[in-house]
Amino acid sequence: MKNYRAELTGVFGDPVDDNPTGVVEEAAFAAKNLNYRYLTVKVLPEDLGKAMDSVRIFGMKGINLTMPHKIKVLPYLDELSPAAKIIGAVNTVIQKDGKLYGENTDGKGFVTALKNSGETLEGKKVTILGAGGAARAIAVECALNGAAHINIINRSAGKGEGLASLIQSETSSSAQYLTWKSSMEIPADTDILINATSIGFSPNVTDKPDIDYSTITNQMCVCDVIFNPVETIFLKTAAANGAKTVTGLGMLVQQAALNFTLWTGVEAPVRVMEEALKKEFE
């Protein structure tokens with residue numbers, strides 16, 4: 001008997017016009033022959049409660065959340081993953097038996113991409129540029145995956161000190177806040193350097209973080225969360241110093257793959273998803 005009802009997933013945000021996740025998830029659904037759809041939905045902040053009610057009412061398998069809803073959604077959820085509790089923000093919701101479960105796959109996607117590049121976090125010293133949502137998720141997941149120490153470099157002391165304090169109190173990693181000064185030097189003992197800011201994102205492709213690039217060495221692994229362009233000026237400059245680099249494309253793909261599996265229970269076709277994302281930025 002034919003079933004004409006598609007299972008629904010999607011993203012809620014404001015704005016959502018430049019969010020490419022739907023292309024990636026739809027390509028994965030097609031590759032696995034799943035009758036699923038991914039809806040890109042603009043949801044105003046004052047309508048978030050009603051929108052979350054619709055997830056239950058429509059029987060949606062789950063959704064992604066982007067700005068400005070990642071924190072404001074918390075009161076509407078029934079349960080949070082351990083990492084999401086520490087991070088204090090959710091980018092993925094899974095519905096099961098009428099209950100909404102919150103997860104944060106931002107940091108998990110980064111860690112998976114990093115490990116796929118051949119790196120390990122166990123015992124490593126990590127330096128993160130920025131203290132916003134992406135930095136927060138990545139810092140927590142790095143700590144939970146065995147990083148020994150995490151430096152947080154940020155211009156705002158409040159956010160930077162808050163994130164360092166969170167890592168110290170909620171994980172077994174040590175952490176320190178460093179004030180972001182002009183031509184900021186990267187600590188010499190850094191094993192993994194991560195740009196978790198939006199600096200360099202299209203259309204501002206000639207921008208790069210204000211750091212002393214001569215302090216990046218060939219002993220470091222340098223990562224960027226920016227996925228458009230894939231090869232940022234930040235990464236190109238680090239590579240010129242002999243550093244290994246990891247692009248933001250892998251993080252976005254692995255995050256989308258985790259979402260796919262959480263919603264469908266099926267192993268994600270990662271290669272298909274990566275190719276779909278690359279085509280979007282050709």
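A contact here means heavy atoms within 4.5 Å. The model shown in these views is predicted.

**View 1. Overall fold of the predicted protein.** Nine helices and 12 strands make up the secondary structure. The radius of gyration is 19 Å, close to the 19 Å that the globule rule gives for 282 residues, so the protein is as compact as a globular protein of that length. Along the principal axes, the C-alpha atoms fill a box of roughly 65 × 40 × 30 Å.

**View 2. Contacts and surface of the protein.** Take the contacts between residues at least 6 apart in sequence: 69% of them join residues at least 24 apart. Buried residues account for 51% of the 282.

**View 3. Helix H6, residues 157-170.** Its 14 residues should span 20 Å at 1.5 Å a residue. The end C-alpha atoms lie 19 Å apart, which agrees.

**View 4. The buried side of H6.** Gly160, Leu163, Ala164, Leu166 and Ile167 are buried. They cover an arc of only 155° around the axis, which puts them on the same side of H6. An α-helix has 3.6 residues a turn, so residues three or four places apart point the same way.

**View 5. The opposite face of H6.** Gly158 and Ser169 are exposed. Both sit on the face turned away from the buried side of H6.

Methods
Residues numbered from 1 in each chain as written. Predicted model: local features only at pLDDT ≥ 70, side-chain atom pairs only at ≥ 80, totals over all residues. Heavy atoms only, no water. Helix = DSSP H or I, 4+ residues; strand = E, 2+ residues; numbered from the N terminus. Expected span 1.5 Å × (residues − 1). Buried < 20%, exposed > 50% of the residue type's maximum accessible area, 1.4 Å probe, protein only. Arc of directions from axis to C-beta. Rg over C-alpha atoms; globule rule 2.2 N^0.38 Å.
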